[in-house]
Amino acid sequence: MPLDLSDESQYDRARLRQWARGRARSSGVDRRDLLKLFAAGAAAGSLGLGAAGTAGAVTAGDVTAAGATTAAAAAPGTVKPLPPELFTIRGTNAETNFAALRGTGQLTPLDRFFVRNHTVTPRLDAHDWRLKVWGDALAGGPVDFSYDRLRALPAVERTLFIECAGNGRSFYTTQQGQQVTGTAWTLGAIGVARWHGARLSDVLKRAGLTRAAVDVLPRGLDDEVVTNGVNLGRVRRPLPVSKALDDVILAYEMNGEPLPPDHGGPVRVVVPDWIGISSIKWVGDIEVSGQPLYTPWNTDLYRLFGPDQPPQGSAPLTRQTLKSAFELEHGATVPAHRTRLLTGRSWSGAAPVHRVEVSTDGGHRWQRARLHDAPRRGSWVRWSLPWTPRATGPTALLARATDATGRTQPATTAHNTQGYLFDAVVHHQVTVV
Ligand SMILES: Nc1nc2c(c(=O)[nH]1)N[C@H]1C(S)=C(S)[C@@H](COP(=O)(O)O)O[C@H]1N2
Ligand SMILES: [Mo]
């Protein structure tokens, strides 16, 4: 019976069976090393990085202990400046301060778009850059695309968010009292840009894709990732061929500019609606395989593990979830008896966000916020609500979105050890004076 590759859990089960029989390759990581990682994962619930004490040996930002206190001192390895008004540095990563989006448009300006780097931003020259498409599911041998050849293909343009799977992770701890591993993002590991590029499907067809193709594996040109003494190789995560052929872009422009180095320049993958790790930056080659592929990024990482999750962990994560954020500092002080306009943004990986409610009293009363953008798939809506605080003292502002599937942000999110896909309503603490 042919596999329905759009059914992620069926796809994943089939992959696991093939891998167990030795038919799926572990793509560049020694199989024994992967098994070691799996064994460690069984003990600690993830890569074996559950203990904060292991953080020193780790280079990848997403697998450092949450709240690592040395983060601010670490050299972030980006090309663009990261001024503290715009960003909070977290290890090799930079989180956008949501307050810095106030007054900006639908698109996140490039100077404040978050950066999530496993290592450091490589400097690549578009004229030397080549994309090599290869693998056993092509009709012939490898096919190379130069930057000019890619740009000569029919172009598409789409406004889409890229959001880290761990965005909101710190709230598992600060709001739910739970331990998680990984970068302690608040809500700023997201940005929306207008991406311009070629369709991945056009590139794959020109490279001679055959019906045997199962997985498509883009790989970055940035440094190999070494974690706990295990070299995971270059950043790469397989896409089912169904998604690869659907709406994935090989982007060379962002907000009308050549793709900046920190965001994957000269060319990156952009996978609409899916978690940020799918959108491989600095793409250098793409394997087209007739067998399911495994990398650390679809096995131990970017799946849900823990007591509240399926015993073997969830299927590899795909779509982003539903979130809302205020364009206001956490812990802000606001004057009483003066009307101010509360502003924020809401987004969903499943469908357009068409309703946002706001509470200014810790969640007792809710009011509809006014939407400033037409609800649109793959992007966010800006919203606002006037607020005249009366009582002085601490209070919490809450925003709760509903998307066109009918799903509303819940009060809590089921725990997973790596703190992915937080979607609960965040209590944004402020003090009225
Ligand atoms: N080659 C490569 N691609 C990558 C990464 C990386 O470190 N190296 N990080 C991934 C992750 S985890 C995220 S969330 C997004 C972040 O994209 P941005 O830095 O442009 O915001 O890129 C993804 N693509
Ligand atoms: Mo990410």
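A: What follows starts with the ligand site and then turns to the backbone and the sheets. This is a predicted model, in which local features need pLDDT of at least 70 and side-chain atom pairs count only at pLDDT 80 or more, whereas totals for chains, interfaces and linings use all residues. Residues are numbered from 1 along each chain as its sequence is written, chains are lettered from A and ligands numbered from 1 in the order in which they are written, and side-chain values use heavy atoms, with hydrogens and water left out.

Around ligand 1 there are 21 residues, of which F114, H118, D222, R268 and K281 come nearest; a residue is near if one of its heavy atoms lies within 4 Å. By class, this shell holds 10 nonpolar, 6 polar and 5 charged residues, where Ala, Val, Leu, Ile, Met, Phe, Trp, Tyr, Cys and Pro count as nonpolar, Asp, Glu, Lys and Arg as charged, and the others, Gly among them, as polar.

The polar contacts (pairs of N or O atoms within 3.5 Å) include one between an oxygen atom of ligand 1 and a polar side-chain atom of H118, at 2.8 Å. An N or O atom in the side chain of R268 lies 2.7 Å from an oxygen atom of ligand 1, and a polar backbone atom of S279 is 3.0 Å from a nitrogen atom of the ligand. Taken alone, ligand 1 exposes 540 Å², and the protein buries 100% of that, with areas from the Shrake-Rupley method and a 1.4 Å probe. The space that ligand 1 takes is the largest cavity, a cavity being a set of points, on a 1 Å grid over the protein atoms alone, where a 1.4 Å probe fits but cannot get out; a molecule sits in one if more than half of its atoms lie within 2 Å of its grid points.

As for the backbone, most residues other than glycine have a negative phi, and most peptide bonds are trans. A cis peptide bond, with omega about 10°, joins G265 and P266, and P266 lies in the loop between β12 (257-258) and β13 (268-270); strands are DSSP runs of E, at least two residues long, numbered from the N terminus. N228, which is not a glycine, has a positive phi of about 50° and is placed in the loop between β8 (225-227) and β9 (230-233).

Further along, 4 strands form an open, antiparallel sheet in the order β15-β17-β21-β20, where two strands pair if DSSP finds at least two bridges between them. Because β15 (322-326) and β20 (370-371) each have a single partner strand, one side of each is left without a neighbour in the sheet.

Note on methods: A polar contact is a pair of N or O atoms within 3.5 Å; within protein, one must be able to donate a hydrogen and the other to accept it, and residues adjacent in sequence count only if both atoms are side-chain atoms. On a 1 Å grid over the protein atoms alone, a cavity is a set of points where a 1.4 Å probe fits but cannot get out, and a pocket is an open set with protein on both sides within 12 Å along at least five of seven lines; lining residues have an atom within 4 Å of a point.
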